[in-house]
Amino acid sequence: MKTKVLVTGANGQLGKTLASLKTKFKNLDFIFASTLDLDITKSNQVETFFYTNKIDWCINCAAYTAVDKAEKEPEKAKKVNVLGVKNLALVCANKNVALIQISTDFVFNGEKSVAYTEKDTTKPTGVYGTTKLEGEIEIIKKLEKYFIIRTSWLYSQNGNNFMKTMIKLSKERKKINVVSDQIGTPTYTTDLAEIMLKIITTNNKQYGTYHYSNEGVASWYDFAKAIFEESNIDINVLPIKSEAYPTPAKRPHFSVLDKTKIKTNLKIEIPHWRVSLRKAIANNNE
Ligand SMILES: NC(=O)c1ccc[n+]([C@@H]2O[C@H](COP(=O)([O-])OP(=O)(O)OC[C@H]3O[C@@H](n4cnc5c(N)ncnc54)[C@H](OP(=O)(O)O)[C@@H]3O)[C@@H](O)[C@H]2O)c1
């Protein structure tokens, strides 16, 4: 019998990436649920969904992801990222379903200067990171069969993200200012999605919290320059300091993730962000 995988938040960029890979994973039987099909904040709906469908694994791509807006509407962010995740954790525990939850580098304050490991102290600086961390805690309290994967700087040909914003802006402007003092690692959603599906197809039982991003280190400025180079777009990119581009939510200055644990446990090699960016640009037809 095929392994049944529920993907929540299926209309987001990671959900859409998983959908694009479904034909590659023929031994998996997917249910892709958008907010309309399954609102994770509604506990009755979540329970009914899991009782109606026989699910083996749930990949939770549903989240409140508007980092700056969250500062103004913390209750909304909390509802999805904490209550919604709690609802999923409870039903997964009751129905013996393994849960893969995506979390974020924003659980750290970014004050380190070497890559963050899973054992590092969490200290989010804004509402979004705080609610994502609280979601992690709900899962750890309620479930044994879980993978929490913290990732960073997601981009893809699907949905809204930095790569697509830069390409769009280049059509409207001759010059773009990009912050150069926030350091992290871009992550191509296809690479992340393939890792999650590998966890499922190998029926991995090394449950716990993991870090995953592409390899390498970049600033947003480096990332923007690389996007234009790979796309053959000739535009003037200027580095600026975060202070020159104030945002409601404070971003970590450094959020490189140490991937030793996931590489060792899953016996994988992770592509460098620049190599994956090339693939993403080639797959982007906008
Ligand atoms: N994007 C990044 O750079 C980044 C970095 C690190 C970690 N992450 C994490 O990675 C995961 C995937 O991110 P993403 O970029 O794919 O986000 P995204 O494009 O914003 O997608 C999130 C999806 O969740 C859905 N959703 C919101 N509230 C929901 C609810 N109550 N019930 C069901 N679905 C709901 C949204 O649907 P609607 O459109 O209908 O609201 C949307 O389709 C998230 O957990 C995020 O926190 C993202």
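Reader: In this structure, is Glu172 buried or exposed?

Author: The model is a predicted one, and in it Glu172 is exposed, with a relative accessible area of 53%. Lys168 is likewise exposed, its relative accessible area being 52%.

Reader: How should I read a pairing between charged side chains, and what joins Glu172 and Lys168?

Author: As a general idea, side chains of opposite charge can pair when their charged atoms come close. Here the side chains of Glu172 and Lys168 form a salt bridge, with 3.8 Å from N to O, and because the two residues are four apart in helix H5 (residues 162-172), about one helical turn separates them.

Reader: Which residue forms a salt bridge with Lys78?

Author: Lys78 pairs with Glu134, and their closest N and O atoms are 3.7 Å apart. Since Lys78 belongs to helix H3 (residues 74-95) and Glu134 to helix H4 (residues 127-142), the pair ties together parts that lie 56 residues apart in sequence. Lys78 is partly exposed at 37% relative accessible area, and Glu134 is partly exposed at 27%.

Reader: What is the N to O distance in the salt bridge of Arg274 and Glu230?

Author: That distance is 3.0 Å, and the pair ties together parts 44 residues apart in sequence, because Arg274 sits in helix H9 (residues 273-283) and Glu230 in helix H7 (residues 220-230). Arg274 counts as partly exposed at 23% relative accessibility, whereas Glu230, with a relative accessible area of 18%, is buried, the cut-off for buried being under 20%. Through shared partners, salt bridges join Glu229, Glu230, Arg274 and Arg278 into one network.

Reader: How many salt bridges are counted?

Author: The count comes to 17 salt bridges.

Note on methods: Residues numbered from 1 in each chain as written. Predicted model: local features only at pLDDT ≥ 70, side-chain atom pairs only at ≥ 80, totals over all residues. Heavy atoms only, no water. Salt bridge = Lys/Arg side-chain N within 4 Å of Asp/Glu carboxyl O. Buried < 20%, exposed > 50% of the residue type's maximum accessible area, 1.4 Å probe, protein only.
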